[in-house]
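Please keep the sequence and the coordinates in view while reading.

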Amino acid sequence: MTLTLEAVVPERGLHVALDVADGETLALVGPNGAGKSSVLSLIAGTLRPAAGRITLDGRLLSTSDLLVPPHDRAVTTLAQDPVLFPHLSVAQNIAFGLRAQGTPRRRAREETSRWLTEIGLEELADRKPSQLSGGQAQRVAIARAVAATPRLLLLDEPMAALDIDVAPALRELLRRVLAERTTILVTHDVLDVVTLADRVAVLEDGRLIESGPTAEVLARPQEQFTARLAGVNLLTGTWDGRTVDGTLAGVAHEPVSVGTRVRAAVRPAHVELLEGGAHPSPGTMVLARQVTDLEPRGDLVQVRAGEIAADLTPQLVARQRLRPGDEVRLGIRAADVAIYPAR
Ligand SMILES: Nc1ncnc2c1ncn2[C@@H]1O[C@H](COP(=O)(O)OP(=O)(O)OP(=O)(O)O)[C@@H](O)[C@H]1O
């Protein structure tokens with residue numbers, strides 16, 4: 001099921017074009033207000049483009065003067081909060097979609113029972129949604145959405161409303177059920193991206209600023225948002241064959257012409273704080289910066305200094321009494337800086 005979309009929605013500042021190939025999961029990421037939910041609404045048929053066209057398997061779904069209604073698109077949306085029929089049992093909720101699309105009663109029963117096993121809730125088949133935990137309800141919502149075999153599945157942060165300890169099992173369920181299905185997944189979570197998405201599209205201010213296969217986009221991010229998602233510092237400048245702008249030495253793992261614009265990526269864990277008068281070891285570049293903020297990062301503290309973040313131990317941060325506004329010297333080894341062309 002192939003989706004093609006080109007749409008302009010001026011009142012939302014949206015001007016976007018994207019394709020999703022058959023069986024592919026595309027992660028749509030971007031800052032708050034970038035337009036991710038609006039793209040889902042366009043595809044679901046609850047928002048009309050002022051210009052452009054949306055097709056699913058060659059069928060025209062939306063233009064400025066055509067809007068196939070949401071129920072007639074074979075597109076299903078799964079939202080953050082599971083929406084289940086409160087008066088129907090778990091099994092009836094799953095069977096509902098099947099029956100609505102004309103599956104005979106007996107087949108629908110068999111399919112429902114298969115789905116109950118798939119989501120691990122056979123025991124709870126007769127419960128009402130109000131008797132389920134958030135994670136259980138979301139499993140039922142996934143089964144109901146997918147059992148009805150939509151051509152395209154839209155997932156809008158399906159794990160965001162759940163406790164952190166139920167997310168891994170749900171992610172694993174999604175990994176299984178999305179494997180062969182055409183899906184667009186809106187998420188803020190890099191784990192969703194790396195475990196579920198074949199491709200990533202980055203939306204900012206209503207425009208697509210970067211897209212490509214997940215591993216490639218995360219290995220060579222081009223934009224700050226993508227770099228943060230990938231967990232690296234990203235600097236941009238001109239390559240002189242050894243350094244970027246004469247200040248940051250790095251290693252290019254592919255031919256990069258002198259004088260071209262490059263990106264330099266370095267992990268915060270590879271940025272060291274040079275204490276007091278400490279001399280940098282050979283091959284280490286020193287950058288003088290001012291601390292802008294500090295935030296916890298696992299069992300480390302991430303110290304941001306301008307465009308560079310360093311992951312430091314709490315002991316070191318305490319010893320140095322680091323505060324926003326402090327002047328620091330950061331050391332980065334050339335071998336830890338990956339250089340690649342800016343696109
Ligand atoms: N129902 C609406 N009516 C008018 N404008 C809207 C509506 N919903 C969103 N917008 C605007 O459209 C733009 C895109 O918002 P959208 O919700 O699509 O972004 P998003 O990337 O999904 O953000 P978030 O990550 O915060 O959910 C924003 O400027 C927003 O204020």
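## Conventions and confidence

Axes here are lines fitted to C-alpha atoms, for helices over the stretch in contact, and angles run from 0 to 180 degrees between N-to-C directions. Helices (H or I, at least four residues) and strands (E, at least two) are DSSP runs, numbered from the N terminus.

This is a predicted model, in which local features need pLDDT of at least 70 and side-chain atom pairs count only at pLDDT 80 or more, while totals for chains, interfaces and linings use all residues. Residues are numbered from 1 along each chain as its sequence is written. The mean pLDDT (the predictor's confidence in each residue, from 0 to 100) of the protein is 93, and 100% of its residues reach 70 or more. For the complex, the predictor gives an ipTM of 0.95 and a pTM of 0.90.

## Helix α2 against α3

The axes of α2 and helix α3 (residues 105–118) come within 9 Å and cross at roughly 130 degrees. That angle makes α2 oblique to α3, given that angles under 35 degrees count as roughly parallel, over 145 as roughly antiparallel, 65 to 115 as roughly perpendicular and the rest as oblique. The crossing is right-handed, a term used when the near helix is turned clockwise from the far one by less than a right angle.

Contact (C-beta atoms, placed from the backbone, within 7 Å) joins Ala 91, Ile 94, Ala 95, Leu 98 and Arg 99 in α2 to Ala 108, Arg 109, Glu 111, Thr 112, Trp 115 and Leu 116 in α3. These residues divide into seven nonpolar, one polar and three charged, where Ala, Val, Leu, Ile, Met, Phe, Trp, Tyr, Cys and Pro count as nonpolar, Asp, Glu, Lys and Arg as charged, and the others, Gly among them, as polar.

## Helix α4 and its two partners

Helix α2 (residues 90–100) also packs on helix α4 (residues 134–147), with axes that come within 7 Å and cross at roughly 20 degrees; the two are therefore roughly parallel to each other. Among the α2 residues that meet α4 are Ile 94 and Leu 98.

α4 and helix α5 (residues 167–178) pack at an angle of about 10 degrees, with their axes 11 Å apart, which makes α4 roughly parallel to α5.

## Ligand surroundings

Around the ligand lie Arg 12, Gly 13, Gly 30, Asn 32, Gly 33, Ala 34, Gly 35, Lys 36, Ser 37 and Ser 38, each with its C-beta atom, placed from the backbone, within 6 Å of the molecule. By class, this shell has one nonpolar, seven polar and two charged residues.

Technical notes. Two residues are in contact if their C-beta atoms, placed from the backbone, lie within 7 Å.
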